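Work through these exercises with the model open beside you. Try each task before reading its solution.

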Amino acid sequence: MSLLAVDGLSVRFDTDDGPVHAVDQLSFTLGESEVLGVVGESGCGKSVSFMSLLRLLPETATVEGSATFDGIDLLRASPARLRAIRGRKIAFVFQEPMTSLNPAFKIGNQIGEVLRRHLDLSRRDARRRTIELLELVRIPAPDQRVDEYPHQLSGGMRQRVMIAMAVACDPKILIADEPTTALDVTIQAGILDLMRDIRERLGTAIVLITHNLGVVADVADRVLVMYAGRKVEEAPVHELFARPQHPYTNGLLGAVPRPGAGRLREIPGRVPSLAELPVACAFAPRCPRADQLSRSQVPDLREVAPQHHVACFHPGPDAEAAA
Amino acid sequence: MGGFLLRKAGAALVVVFLSSVVVFIGVRALPGDPALALGAENRDPAVLAAIRQAYGLDQPLPVQYVKWASRALRGDLGLDARQLPVGHTIITRIPITLELALLAVLIGVVIGILAGVIAAVRRGKLSDHAATTSALVGLSVPHFWLGLMMIIVFAVDLRWLPASGYVSFHEHPLSNLEHLLMPALVLGTGLSAVLMRQTRSAMLSSLTADYVRTARAKGLSERSVIAKHALRNSLITVTTVVGLQLGALISGAVITEQIFVIPGFGRLTLEAVNERDYTLLQGVVLVAATGYVVVNLLVDVVYSLLNPRIRVSGSNTP
């Protein structure tokens, strides 16, 4: 029984230049304590998909499909019911720790706010618990930091504060949207370590949205690859790295630096515009394997190995990479 | 925080000094000989010379300034044309204007910020258009016209409120409010219009900020997202505007008090100018300038309380 089941999720933005189909027919599940890595280029709909689950998108977005969590369809739940889930059962860590914290309030206030809202803690208890949380995310001198403002903290510390805020109410699911992208490489490892630690200690399921396959290899159990608003491949992490099927996944893996692997290969071309729904494989214009079939039909997802799904007419590892 | 305040206060002192010089020179640069004004009908040169000597007008300007400034520092602003102490006259008039201004600011802030928040939250809807349009009208309508219209409607036609005059709070609190309500509305209208526009635009930008999304993701109610997270950051810019608008409030008080015949500081200023009572004028303008500086100092303090980044990295601010 999965913790979260998303079925046929589509997100459309109505802009002045017409509709933009950011996410198209996305389905996936998330198990208890599972770490799901979601990868793809910027603008492929990773962040939008997950923000749409908690209905955090602006009003210009139209969301279709269903997202069942705890017997509730998140996309149709009443605002009050949704607010009881946000921050309590499903929590978010956003990409930009610099701007995601409110500059006008002490971090203790901002973390304590979640505790008081959902757990009904008194001011004093919330403060005590906040200090414990800061300790959990390994912020030194938490009893002093609790009274500081975001601008007094470094980027890495702010992201730790965001994580502390997210895990404050011991959520079932933690959605981390590019949690390390804005940070120094040395800080990144620490944050990833922390996420692993949280999963082990609190049993939280984690969705890790990233464009960095190294990060995914490091912490994820299962990987979902997205391209142009659609899922193109999904597999357990070892399976995906050992036997990548979709040419896009192959391309992503080829773009990861490895010692002795020679020149990095880039994926030619650009991410397509999402103005129209595709009538063919969206990756075809950039794909070395594309043929008449890929240019005239949208490939369906099919299972090529246990738990390994791919949406491609010509799946398989790259000849070069295999060689 | 202490260092920040000290720096600000130091800067304020410099401004007060400079404005006292400007006031002093400005009054003397006005056309007309103060001795002639003081002498009234009497044009006898001997009398005029005596007046000049009595008021120290025959001495060089720097000497006059130092004498005046050193007395002013001790709270002595000299005697006006009627031989009444200027300091005392000002002190009796200030509370009236202060009360009027306070009411006007209260009205302006409450209406302006509330309307601005509603307009931003309901952007593009009917209430937004209504608020934006009324703000434009509020900004365009001159004080004197609005004042006269209100007198016609509320005092003459409806007879709800007195048309003019002033009753002190000690005498009759209710009557005091009745007399000040219309003037305060007139004075507060412009302020509320400016604040509404500022609040609206500040709220529009903070409502799309990442930290507001974080607040929503925490499960906070929409009220707390707007009233706490978005508004607090918007108030930082709004406070600055309030400070800037207080100068306009002082000049607005001159006109408003004239229309509603309120014996306040603004009316006193006009009296001093009309009667060419230069000691009084000098005192009035000095007090107004000092008041303005003090109010701006207070605004800086409020600003730093709202914006922690200013407080701690105070060295970034001049």
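This is a predicted model: local features need pLDDT of at least 70, side-chain atom pairs count only at pLDDT 80 or more; totals for chains, interfaces and linings use all residues.

**Exercise 1. Confidence**

Task: Find which elements of chain B have the lowest and the highest mean pLDDT, and where the pLDDT falls below 50.

Solution: 
1. Start with the complex. The predictor gives an ipTM of 0.87 and a pTM of 0.79.
2. Take chain B as a whole. Its average pLDDT is 85, and 96% of the residues score at least 70.
3. Go element by element. Helix α13 (residues 308-312) of chain B has the lowest mean, 67. Helix α9 (residues 210-217) of chain B has the highest, 94.
4. Look at residues 313-318 of chain B. Here the pLDDT is below 50. Beyond near neighbours in sequence, this stretch makes three contacts in the model.

**Exercise 2. A strand inside a sheet**

Task: Decide whether strand β8 (residues 205-210) of chain A is enclosed or open, and name the strands that pair with it.

Solution: 
1. Count burial. Six of the six residues of β8(A) are buried, so the strand is largely enclosed by the rest of the structure.
2. Check each face. A:Ala205, A:Val207 and A:Ile209 are buried on one side. A:Ile206, A:Leu208 and A:Thr210 are buried on the other.
3. Find the partners. Strand β3 (residues 35-39) of chain A runs parallel to β8(A), joined by five bridges. A:Val35 has A:Ile206 as its bridge partner.
4. Strand β7 (residues 173-177) of chain A also runs parallel to β8(A), with five bridges. A:Ile173 stands opposite A:Ala205.
5. Eight strands of chain A form an open, mixed sheet in the order β6-β7-β8-β3-β9-β10-β12-β11.
6. Inspect the ends. β6 (90-93) and β11 (302-305) of chain A each have a single partner strand, so one side of each lacks a neighbour in the sheet.
7. Follow an antiparallel pair. β9 (residues 222-227) and β10 (residues 230-236) of chain A share six bridges. A:Tyr227 stands opposite A:Arg230.

**Exercise 3. The four-stranded sheet**

Task: Give the strand order of the four-stranded sheet of chain A, and say which helix lies across β1, β2 and β4.

Solution: 
1. The order is β2-β1-β4-β5, and the pairing is antiparallel.
2. β1 (residues 4-15) and β2 of chain A pair over nine bridges. A:Val11 is partnered by A:Val23.
3. The helix is α1 (residues 46-53) of chain A, which runs at about 110° to β1(A).

**Exercise 4. A helix pair**

Task: Describe how α7 (residues 143-157) and α8 (residues 173-207) of chain B pack.

Solution: 
1. The angle is about 145°, and the axes are 10 Å apart.
2. The crossing is right-handed.
3. α7(B) contributes B:His143, B:Leu146, B:Gly147, B:Met150 and B:Phe154. α8(B) contributes B:Met182, B:Leu185, B:Val186 and B:Thr189.
4. By class, that gives six nonpolar, three polar and no charged residues.

**Exercise 5. The chain contact**

Task: How many residues does each chain give to the contact, and which helix of chain A gives the most?

Solution: 
1. Chain A gives 23 residues and chain B gives 19.
2. On chain A, α2 (79-85), α3 (97-100) and α4 (107-119) each supply at least two.
3. α4(A) gives the most, with four.
4. The chain A side divides into ten nonpolar, seven polar and six charged residues.

Methods: Residues are numbered from 1 along each chain as its sequence is written. Chains are lettered from A and ligands numbered from 1 in the order in which they are written. Two residues are in contact if their C-beta atoms, placed from the backbone, lie within 7 Å. Ala, Val, Leu, Ile, Met, Phe, Trp, Tyr, Cys and Pro count as nonpolar, Asp, Glu, Lys and Arg as charged, and the others, Gly among them, as polar. Axes are lines fitted to C-alpha atoms, for helices over the stretch in contact, and angles run from 0 to 180 degrees between N-to-C directions. A crossing is left-handed if the near helix is turned anticlockwise from the far one by less than a right angle, and right-handed if clockwise. pLDDT is the predictor's confidence in each residue, from 0 to 100. A residue is buried if 20 or more other C-beta atoms lie within 10 Å of its own, exposed if 12 or fewer, and partly exposed in between; C-beta atoms are placed from the backbone. Two strands pair if DSSP finds at least two bridges between them.
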